Amino acid sequence: MRTSLYPAVDELERRARTLVRAAPGLLRLEQVGTSRAGRPLWLLSAGHGDRHVLAVAGAHANEPVGGASALRLAALFAGRPRVLEALGCTWHFLLCLDPDGAHLAHGWQPEQPEPSLTECHRYFYRPAFARQPESLPVPPGRPLPESAALLRLLDELRPVAQFTLHGIEFGGAFVMMTREVPGAAEAFRRTAAHLRVPVDRDPVDGPDWRLDPPGVLVLPDGHGEGERDPSGYVAESTWLHPRRHGTLTTLIETPAWAVPSVSDARPVTDPDRAAARLGEVLLGRTRELADVLGNRLDTAVPEDLAPLGDAARELLDVAPSIVAGWAAEEPGRFHGHFASRGISARRIPLRVAAMASRALARTDPRAAEILDDLVREWSQELEKTYDLRWVPVAAQTALHVRTMLNTARLLRTEGDG
């Protein structure tokens with residue numbers, strides 16, 4: 001049975017209005033900005049407490065689960081307002097930070113009980129780094145209009161917490177926190193265990209954050225406003241901006257397909273050899289893609305699909321930097337089957353193939369067909385290599401919702417103390 005489990009951008013607004021009509025004294029919806037293409041940015045707010053909490057969904061175009069999680073928690077507040085009253089706050093949901101990207105990525109709806117990883121990637125789009133609204137320009141310049149809207153919200157609300165809701169295609173769950181909150185890491189791990197979602201011991205994200213294994217990254221003391229990507233790309237971040245207001249930012253990552261081996265605590269026997277092998281996987285596949293693509297991403301991509309071509313080209317360009325970054329990391333950090341790095345080594349070329357195929361489908365069908373074959377081949381290899389297990393969308397959203405509520409409760413206790 002085919003079910004629409006990840007709401008499209010327009011559906012987010014429609015469902016939010018339905019919730020407001022059902023709970024008019026509690027919920028309200030307002031436009032707080034406009035995207036680059038003129039699409040509205042919607043803020044759904046619940047309650048009337050003195051303290052504010054902000055949840056940001058849809059920061060990455062390929063992660064529609066955040067919007068579903070936002071609506072789920074808003075519906076919980078509408079049906080059980082005492083839950084919100086006990087927190088003593090007004091809770092705000094930015095329903096989709098990048099509606100333009102979400103429109104370009106929309107199309108895939110998972111089928112239960114066996115969604116298709118190949119089909120998922122036929123609609124894949126994740127913008128180039130500079131087009132991702134959680135990134136701010138370095139050196140300081142004019143931010144994207146979506147970024148500017150979020151910054152205004154953060155400065156106006158001065159929230160006690162900002163939650164940013166993410167969803168990786170395959171891997172394990174983890175959180176990134178801009179400061180420690182006693183009990184929050186343990187609560188997150190208990191929630192993941194209850195939902196049977198593996199926790200990633202060694203996430204590839206946050207290479208300069210302090211790892212508290214399993215699955216928790218904490219911003220180290222003295223860290224600046226810049227955020228470094230595993231490729232070495234550095235930008236200021238909306239995650240770190242509200243530290244000036246005392247805001248805790250917590251990024252919550254939940255996988256669509258779980259990889260059990262990311263939780264393996266056994267140390268890698270020969271990390272240097274493992275890193276070299278995975279580097280060759282990534283570089284070998286990007287070389288294969290470069291041979292297929294030639295200069296087509298520069299010459300054969302229609303204007304309306306240029307964001308797909310730009311994002312694919314950027315991933316090809318940064319692959320060597322990612323491999324160099326892995327080689328430079330402290331070997332003692334690596335555990336288990338080196339699963340998180342192995343997943344990343346395969347995910348990057350898969351994303352390139354998927355986006356390049358879409359970008360060239362109208363102008364070079366033969367190249368697009370070859371790229372489609374690679375998407376199918378590499379998806380099947382991932383499924384076999386990592387024993388992928390679909391995580392029901394109800395569990396994906398539950399991880400977001402329970403982690404937000406648990407952390408907000410701990411912050412309330414911390415404040416009362």
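In this predicted model, helices α8 and α10 are roughly antiparallel to each other, because their axes cross at roughly 170° and angles over 145 degrees count as such. The two axes come within 10 Å. On the α8 side, the contact is formed by L278, G279, L282, L283, T286, L289 and L293. These residues meet L316, A319, P320, I322, V323 and W326 of α10. By class, the contact of α8 with α10 holds 11 nonpolar and 2 polar residues. Charged residues are absent from it.

Helix α8, residues 271–293, also packs against α12, residues 365–386. Their axes come within 10 Å and cross at roughly 165°. α8 and α12 are therefore roughly antiparallel to each other. The crossing of α8 with α12 is right-handed. R285, E288, L289, V292 and L293 represent α8 in this contact. Their partners in α12 are A367, I370, L371, L374, W378 and E381. The contact of α8 with α12 comprises 8 nonpolar and 3 charged residues, with no polar ones.

The axes of α10 and α11 lie 8 Å apart, at an angle of about 160°. α10 and α11 are therefore roughly antiparallel to each other. Their crossing is left-handed. From α10, the contact draws on L308, G309, A311, A312, L315, L316, I322 and W326. From α11, it draws on R341, S344, A345, I348, R351, V352, M355, A356, R358 and A359. By class, 13 residues of the contact of α10 with α11 are nonpolar, 2 are polar and 3 are charged.

The largest nonpolar core has 62 residues. Within it, Y125, F170, W257, L282, L289, M355 and L371 touch the most other members. At least two residues of this core come from each of α4 (99–105), α5 (117–121), β12 (248–258), α8, α10 (306–328), α11 (339–360) and α12. α11 gives the most, with 12 residues.

Beyond its neighbours within four places in sequence, Y125 is in contact with A61, N62, G101, L104, A105, P307, L308, A311, M355 and R358. A second, separate core contains 56 residues, including V20, L84, V175 and V391.

Key: Residues are numbered from 1 along each chain as its sequence is written. This is a predicted model: local features need pLDDT of at least 70, side-chain atom pairs count only at pLDDT 80 or more; totals for chains, interfaces and linings use all residues. Side-chain values use heavy atoms; hydrogens and water are left out. Axes are lines fitted to C-alpha atoms, for helices over the stretch in contact, and angles run from 0 to 180 degrees between N-to-C directions. Helices (H or I, at least four residues) and strands (E, at least two) are DSSP runs, numbered from the N terminus. Angles under 35 degrees count as roughly parallel, over 145 as roughly antiparallel, 65 to 115 as roughly perpendicular and the rest as oblique. A crossing is left-handed if the near helix is turned anticlockwise from the far one by less than a right angle, and right-handed if clockwise. Contact means heavy atoms within 4.5 Å. Ala, Val, Leu, Ile, Met, Phe, Trp, Tyr, Cys and Pro count as nonpolar, Asp, Glu, Lys and Arg as charged, and the others, Gly among them, as polar. A nonpolar core is a set of buried Ala, Val, Leu, Ile, Met, Phe, Trp, Tyr and Cys residues joined through side-chain atoms within 4.5 Å. Buried means under 20% relative accessible area, exposed over 50%, partly exposed in between (1.4 Å probe, protein chains only).
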